[in-house]
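Subject: Structure handover and findings

Dear colleague,

Here is the structure for your files. My notes on it follow below.

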Amino acid sequence: MASSSKRPRSGTSGAPAADEAVPHVRVAVIGSGFGGLGAAVRLRRAGITDFVVLERADSVGGTWRDNSYPGCACDVPSHLYSFSFAPNPAWPRSFSGQPDIRAYLEKVAAVFGLRPHLRFNTEVLEARWEAEQVRWRITTSAGQWTADAVVSAAGPLADPQIPDLPGLGAFPGKVFHSSRWDHDYDLTGKRVAIVGTGASAAQIIPSIQPKVGRLTVFQRTPAWVLPRRDREISQLEKWLHDRVPVTGKIRRGTLFALRELQVDAFVRRPGMLRVVQQLAERHLAQGVPDPALRAKLTPDYRIGCKRILLSNTYYPALAAANTEVVASGLRELRGSTLVAADGSEHEVDAIVFGTGFHVTDMPIGARVFGANGTSLAEEWKDGMEALRGSAVHGFPNLFFVIGPNTGLGNSSMILMIESQLNYLIDALTTLESIGATAMQPTARAQRQWNLELQHRMDRTVWTTGGCRSWYLDPNGKNTVLWPGSTTAFRRATRKVDLGEYELIMRAGQDAARTAQEVSA
């Protein structure tokens, strides 16, 4: 764990006296969701036990702790949405709900001995690279740490995004975001507005529609929806996966293969999605008998361009007698009256924003300062970029889990997380083996990687499908998704290529050097 002992640093004879009480660790991990806990497990397995996991909340779970809204569940099959090194034979359903996923993460923290490393109620306020000491200084709400390396596992679905609407501050009723659900507020009989029709809203709407008095849904853009093939997993299946673990591996492998087979349609041949779109059109026709409402709910873009939703109950809830779909965004508020962009007015008692997160402008970026004192947010002002989604030029020994262009449109993010963890561990062990203290991507390697990545992005359905999604930044650049298979990403992050990095040596060799110079 953390040690307050100080060792001499490059260019110094020791730590300043003021730092004597500041604990130093080899690695500081930010966040304790899937990414942060996965990093902690892999660090321990690599023999690195000198680390802390800094978590701003009071428990682990990340987005699966924060999102506790009614109906919250995963749209990736349970047996694929878990760590390969921590299979769960006891998943209750083929698509698990939020309580079960959160419980799984709590169990991972306990089983793998992570509790001593966790620091709860410890929000990272600033992380600043100290070039002379060749380390990171991390300022948190619970004090300071210094660290050789920082792993940012804060995640892109961490900070809710609420639109800045005229009159919102004067709204007399209840207002909250889907990821900050107020369980003390009873919606029964209330006039409730849902703003947004993304993945969270599609789960919330069917869950609250039967109990509210009136439900008004503000839909700026309709989504394509497919049936959700969910069912309870039998006791026999659970017993078999527990007693004969290979059966669980076969199940996971089958799910993985099916998802990998879909990739080509998303990233290279979007025309292949036409059949899938026909299935979605049939699902819509079956769920919404009214032709006028059906027209409102029919997207004008190719399926896959925006996130595809999975639900058997969404359309019936929208077609219910107490639901009104406003095919327009919300423009302003006048007291308790919500005014849509189409001019229509709607009286409500409560507003739930299902308006997503700060994904292309991750808030952690404004808190991280690199070698030249520039913040990551400033570095990314023209769009997020990283080398292999994992490291950024100018920010030595900063590694990302779920970094830029590592998101998926059709499979399990846990597969991507584990690939990035392979890369992280290889980077740290490589530094140790060659006697270097820190590493950062060369500007050339990072630029080349992103030029090739964006070139591949041009053919994807996310670019050609005719929509404007949350995958795109304000410049229209997709900085979120990976334009390839999870297998291809696993190959790309299997090992660190030192030719893509500059190395910062230990004391007495404090100049940045390329790997070629070191080997020479």
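Is Trp129 buried or exposed? Trp129 counts as buried, because its relative accessibility is 7%; buried means under 20% relative accessible area, exposed over 50% and partly exposed in between, with a 1.4 Å probe and protein chains only.

Before the rest, the terms of the model. This is a predicted model, in which local features need pLDDT of at least 70 and side-chain atom pairs count only at pLDDT 80 or more, while totals for chains, interfaces and linings use all residues. Residues are numbered from 1 along each chain as its sequence is written, and side-chain values use heavy atoms, with hydrogens and water left out.

Aromatic rings

The structure holds 15 aromatic pairs. Rings of Phe, Tyr and Trp (the six-membered ring of Trp) pair if their centres lie within 6.5 Å; planes under 30 degrees apart count as stacked, over 60 as edge-to-face and the rest as tilted. One of the pairs is Phe34 with Tyr81, edge-to-face at 5.2 Å centre to centre and 75 degrees between the planes. This pair links distant parts of the chain, 47 residues apart: Phe34 is in helix H1 (residues 34-45), and Tyr81 is in the loop between helix H2 (63-66) and helix H3 (98-111). Helices (H or I, at least four residues) and strands (E, at least two) are DSSP runs, numbered from the N terminus. Phe34 is buried at a relative accessible area of 7%, and Tyr81 is buried at 12%.

Trp129 and Trp136 form another edge-to-face pair, with 5.5 Å between the centres and 65 degrees between the planes. Trp136 is buried, its relative accessible area being 0%.

Ring pairs also join Phe34, Trp64, Tyr81, Phe83, Phe85, Trp91, Tyr104 and Phe112 into a cluster.

Arg128 lies over the face of Phe369, 4.2 Å from the ring centre, and Lys190 lies over the face of Tyr185 at 5.2 Å from the ring centre. A charge sits over a ring if NZ of Lys or CZ of Arg is within 6 Å of the ring centre and within 35 degrees of the ring normal.

Cysteines

How many disulfides does a search of the whole structure find? The search finds 1 disulfide, where a disulfide is a pair of cysteine sulfur atoms within 2.5 Å. Cys305 and Cys467 form it, with their sulfur atoms 2.0 Å apart. The torsion about the S-S bond of Cys305 and Cys467 is about -90 degrees, so the disulfide is left-handed. Cys305 lies in the loop between helix H8 (291-296) and strand E11 (309-310), and Cys467 in the loop between helix H13 (461-464) and helix H14 (486-492), so the pair ties together parts that are 162 residues apart in sequence. Cys305 is buried at 0% relative accessibility, and Cys467 is buried with a relative accessible area of 16%.

Cys72 is in no disulfide; the nearest cysteine sulfur, that of Cys74, is 8.8 Å away. Cys72 is buried, with a relative accessible area of 8%. Cys74 is in no disulfide either, the sulfur of Cys72 being the nearest, and Cys74 is buried at 3%.

His283 is in helix H7 (residues 274-287) and is buried, with a relative accessible area of 12%. Leaving aside residues up to four places away in sequence, His283 touches Val225, Leu226, Pro227, Ser311, Asn312 and Tyr315; contact means heavy atoms within 4.5 Å.

Ala90 is in the loop between H2 and H3 and counts as partly exposed, at 46% relative accessibility. The C-alpha atoms of Ala90 and Ser328 are separated by 43 Å, and these residues are 238 apart along the chain.

Pocket and cavity

On a 1 Å grid over the protein atoms alone, a cavity is a set of points where a 1.4 Å probe fits but cannot get out, and a pocket is an open set with protein on both sides within 12 Å along at least five of seven lines; lining residues have an atom within 4 Å of a point. Grid points are joined across faces, edges and corners, and a volume is the space filled by probe spheres set on the points.

The second largest pocket holds about 310 Å³ of space. Its lining has 16 residues, of which Pro87, Pro245, Gly248, Lys249 and Arg252 lie nearest the centre. H6 gives the largest share of this lining, 6 residues.

The largest cavity has a volume of about 40 Å³, and H6 gives the most to its lining, with 3 residues.

Regards
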